[in-house]
Amino acid sequence: MGVAHVRAHAVRRAARALLAAFVLLAHAVSARAHDRTFSDATIAIAARGADVRLTVHRDDAAAALGLASPRAIGSAADAARYAPALARLLAPRFTLTADGRVAPVAWTAWRWRADRRAIELDGRAVWSHEPGSLGVEARLFPDNPLHETFVNVYARGALLREGVLTAPAPSLTLFTDGPAGLWAVLRTFTATGIHHIFTGPDHILFVIALLLLGGGLGRVLKITTAFTIAHSMTLALAVLGVVRPPSRLVEPLIALSIVWVAVQNLRHGRRGGGDARAPVAFGFGLVHGFGFAGALTELGLPKAALGASLFAFNAGVEIGQACIVLATLPLLAWLHANRPRTAPRVVTAASWGVALAGGFWFVQRIVAG
Amino acid sequence: MPRPHVHHPPRALFALVFAAAALAAPAVAPAHEYWLAPSRYIAPPRAAVELAALAGTGFRGDRKPFAPQHCVRLEARAARTLDLTRVARAGDYTWARFAPSDAAGVLFAYESDFTPITLPATEFDRYLGLEGLDGPLAVRKRAADGSAGRERFRRCAKAWLAGGDAARATATVGLPLEIVPLAAPGAGATLTVRVLWQGRPLAGALVRGWRAPLGDGGAPADPEQRDSVAVAWQVRTDARGQATARVAASGEWLLSVVHMVPSADRAEADWESTWASLTFERTP
């Protein structure tokens, strides 16, 4: 081999080394630019606690620990050196909540994942009995608003829930698949259904408008049953994904239904005639069901307990509706029985109020799109 | 017609000077490419191909997990177009496992949503210069207000799995920014591409190319473990949005282009950049 060839070879090697250094330097400086970073959390739930595995990329770990370069973490020895500090740092930033009580994660082991250039932390949370609901919250790197944490929760080897925790949405709640989870689903979604009715003045006014003309117990039962059957049908269809009309269509229609019933009351007061409230309740009940579904799906339904959550939410809606009927009906019955001359005026005034409110919502929802 | 200017950095001594100068520079502006990386670019029918996506520099990077919340589209175009978002699982580093049904070739395409970032003024301007984004750089220089670079960026990546039907490779996918080859990539020593912005030819865009040698057995080397490589060439597109580059050397090729316009959402960012890439293998 000639001297010239050796020199050329040496120059090439030096050039390659310098080029690699240059590119690595560029990479180090730009590590956080034009890139999202991700962590993974895998949680395996058992009766007495949960095993947690958190995988953190070295770019994030180095930035959080204030290291000059991510390349400071590049081997098992580096991981062993920095993992304890990383675990201490992340302990308050990654929390589990079992049935509403914080279950601290004790980080006990760590390893270097060369294939992912990441530190893997193993931890355990302990509880006395399997919780019905589990909350997971991750705010791992608050200085990096682009960071996201993938969460996978397993129970008895099966995937229970997956989700992505972000800076704007750093937590999720899931229900376990045992009896405790079922009970938690029923409790939570019944309360949600009741809450939805009482915080939704459009549904309240629709039911009140249906009742304003009064009538015997049988007639009222017929009206409310028609409404219940109709909205239960469309709620189930929408939640199961069979039919999902857009909310920009459903919400104005709900407002229009209120106007319609109120106008029907006013026309009935002037001309009398037949009582078409039961079919109207059924027809518009179909639309209100889609509205309930919109609210329910926004909450994030537990896939494993879809039927139970749907049933519980619907039951909550019925309870809320029954409360409105029980509060309104005796008052109207008393009015029609004891103040027969005043009652029509009250019905007219109330119907005008309901119609105006419905009209306002209709315009508002059309404008909002 | 004047030929587009093509720059080929010399391989050894010039590279040494280039690298030394770069190291002497006070800082290096960010340049973060994003590409789709199939486990192999040449696959017979029914052979399994795993698709990953990487972000990095010098054609070396980190695998990125599939994030459905940021995916606008992920598809494989072969005899028919398959929506891969149906099989991709959130958090998986292998985005899809795919088996070509024929030997005509497969075009993978991915489009992300926007991600907002803010860079210090100096770093932002340096990055604009490095990426050849002269228009935005000139606007910022005229303003001379030293404001931070408020940007939102998105990715449009394509990968070509070699096959006999060049029409599959040359078809337009409809990405906001797209590198459309005018022949089957990897088949010839040169490759002419057309850069489309919102479906129209984009003149003056800086297209850059990197080449990574193949690994053992002729398969692509692990893009997380292999050495970084310098830009092999860079070329501006002509008035027709076309650029011709030399891709004679065998290996895995990455072509990348960035386009930046004033942001449509000024509340989120002042500028929005779209990064397009095309990966393929050259086998002489």
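Predicted model: local features only at pLDDT ≥ 70, side-chain atom pairs only at ≥ 80, totals over all residues.
Biologist: At what angle do the axes of H4 and H9 of chain A cross?

Modeller: Roughly 40 degrees, and the axes come within 7 Å. H4(A) covers residues 179–198 and H9(A) covers residues 306–338.

Biologist: Is that crossing left-handed or right-handed?

Modeller: H4(A) passes H9(A) in a right-handed crossing.

Biologist: Which residues meet there?

Modeller: From H4(A), they include Leu182(A), Phe189(A), Gly193(A) and Phe198(A). On the H9(A) side, Ala308(A), Phe313(A), Gly316(A) and Gln321(A) are among them.

Biologist: How many are nonpolar, polar or charged?

Modeller: The contact of H4(A) with H9(A) has 14 nonpolar and 9 polar residues, and no charged ones.

Biologist: Now chain B. How many residues of strand E8 are buried?

Modeller: 7 of its 7, over residues 106–112.

Biologist: Which way do they point from E8(B)?

Modeller: Val106(B), Phe108(B), Tyr110(B) and Ser112(B) point one way, while Leu107(B), Ala109(B) and Glu111(B) point the other way. In a regular strand, side chains alternate between the two faces of the sheet.

Biologist: In what sense does E5(B) pair with E8(B)?

Modeller: Antiparallel, over 6 bridges; E5(B) spans residues 71–77. In one of these pairings, Leu74(B) has Tyr110(B) in E8(B) as its bridge partner.

Biologist: And how many bridges join E8(B) to E10(B)?

Modeller: 6, and these two strands also run antiparallel, with E10(B) covering residues 149–161. Val106(B) has Leu161(B) in E10(B) as its bridge partner.

Terms used: Residues numbered from 1 in each chain as written. Chains lettered and ligands numbered in written order. Axes fitted to C-alpha atoms, helices over the stretch in contact; angles between N-to-C directions. Helix = DSSP H or I, 4+ residues; strand = E, 2+ residues; numbered from the N terminus. Left-handed = near helix turned anticlockwise from the far one by under 90°. Contact = placed C-beta atoms within 7 Å. Nonpolar A, V, L, I, M, F, W, Y, C, P; charged D, E, K, R; others polar. Buried ≥ 20, exposed ≤ 12 C-beta atoms within 10 Å, placed from the backbone. Pairing = 2+ DSSP bridges.
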